[in-house]
Amino acid sequence: MRAAVLTIDQRGSSKDSDRVPGTLAGLADVVLLRPFERTAGDEFQGVLDEPAALATVVERLLREASWSIGIGIGEVEEPLPDSTRAGRGPAFVSARDAVTGAKSAPWRLRVAGDDPGVRALETTLWLWASVLNRRTKGGWEVADLADAGASYDEIAKRLGVTQSAISQRAQAAGIVEGRRARELVTDLVGGLLQDRPQ
């Protein structure tokens, strides 16, 4: 079967506190094929087969700006073991190559795999990262409320500002562009995870 393997390594861990437990707690609500597990040091790994889940995980990790993100897409050996650490197959190898390359890549993110389409996914993720990187704390506040289903009018009332002010914050935060990027990432991953003819 085809899957996405994410290998995530904390940046600058020797000069920072261990962020793995907090980040794993923050990702606990995401449905994965095999859950994230610490693999070694300040690194963790998980396996997923739901395209929207990959977009959710990557967005949260980019928001923290503390991680080198390696995404490997391809076949995994079946039956997939209960422990992520025991998994094998080309997608796991690609994830290892990707996280190594991520340390010197734009936005500390790389995608590797056996399909030429991984380049388009990687490029889209880099462009999405550039949108997310410009968001201020206030921009994220508006984005989070909008993602939860609140209208700009409702957000304005909640934050005690005008709707015009919320619209300006949303534009500066690239909320529309971010949503489109998330949709595109989900579509691209969906295509990459489709089983190939034997």
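Reader: Hey, how do the residues of the lining of the largest pocket divide into nonpolar, polar and charged?
Author: They split into 9 nonpolar, 1 polar and 2 charged. Here Ala, Val, Leu, Ile, Met, Phe, Trp, Tyr, Cys and Pro count as nonpolar, Asp, Glu, Lys and Arg as charged, and the others, Gly among them, as polar. Bear in mind that this is a predicted model, where local features need pLDDT of at least 70 and side-chain atom pairs pLDDT 80 or more, while totals for chains, interfaces and linings use all residues. Residues are numbered from 1 along each chain as its sequence is written, and side-chain values use heavy atoms, with hydrogens and water left out.

Reader: Okay, what counts as a pocket?
Author: On a 1 Å grid over the protein atoms alone, a pocket is an open set of points where a 1.4 Å probe fits, with protein on both sides within 12 Å along at least five of seven lines; lining residues have an atom within 4 Å of a point.

Reader: And how much space lies in the largest pocket?
Author: About 190 Å³. That volume is the space filled by probe spheres set on the grid points, which are joined across faces, edges and corners.

Reader: Which residues line the largest pocket?
Author: Among them are Arg11, Leu61, Trp67, Trp107, Asn133 and Trp140. The elements α2 (51–64), β4 (67–75) and α4 (118–133) each supply at least two lining residues. Helices (H or I, at least four residues) and strands (E, at least two) are DSSP runs, numbered from the N terminus.

Reader: New topic: how many salt bridges are there?
Author: The count comes to 16, taking a salt bridge as a side-chain nitrogen of Lys or Arg within 4 Å of a carboxyl oxygen of Asp or Glu. One of them joins lysine 103 and aspartate 9, at 2.7 Å from N to O. This pair links distant parts of the chain, 94 residues apart: lysine 103 is in the loop between α3 (90–102) and β5 (109–113), and aspartate 9 is in strand β1 (residues 2–10).

Reader: Is aspartate 9 buried or exposed?
Author: Buried, because its relative accessibility is 17%. Buried means under 20% relative accessible area, exposed over 50%, and partly exposed in between (1.4 Å probe, protein chains only). Lysine 103 is partly exposed, at 41%.

Reader: What does glutamate 37 form a salt bridge with?
Author: Arginine 85, with the closest N and O atoms 3.3 Å apart. Glutamate 37 sits in strand β2 and arginine 85 in the loop between β4 and α3, so the pair ties together parts 48 residues apart in sequence. Glutamate 37 is buried at 16%, whereas arginine 85 is exposed at 51%.

Reader: How far apart are aspartate 153 and lysine 157 in helix α6?
Author: About one helical turn, because they are 4 residues apart in that helix (residues 152–159). Aspartate 153 is partly exposed at 32%, and lysine 157 is exposed at 65%.
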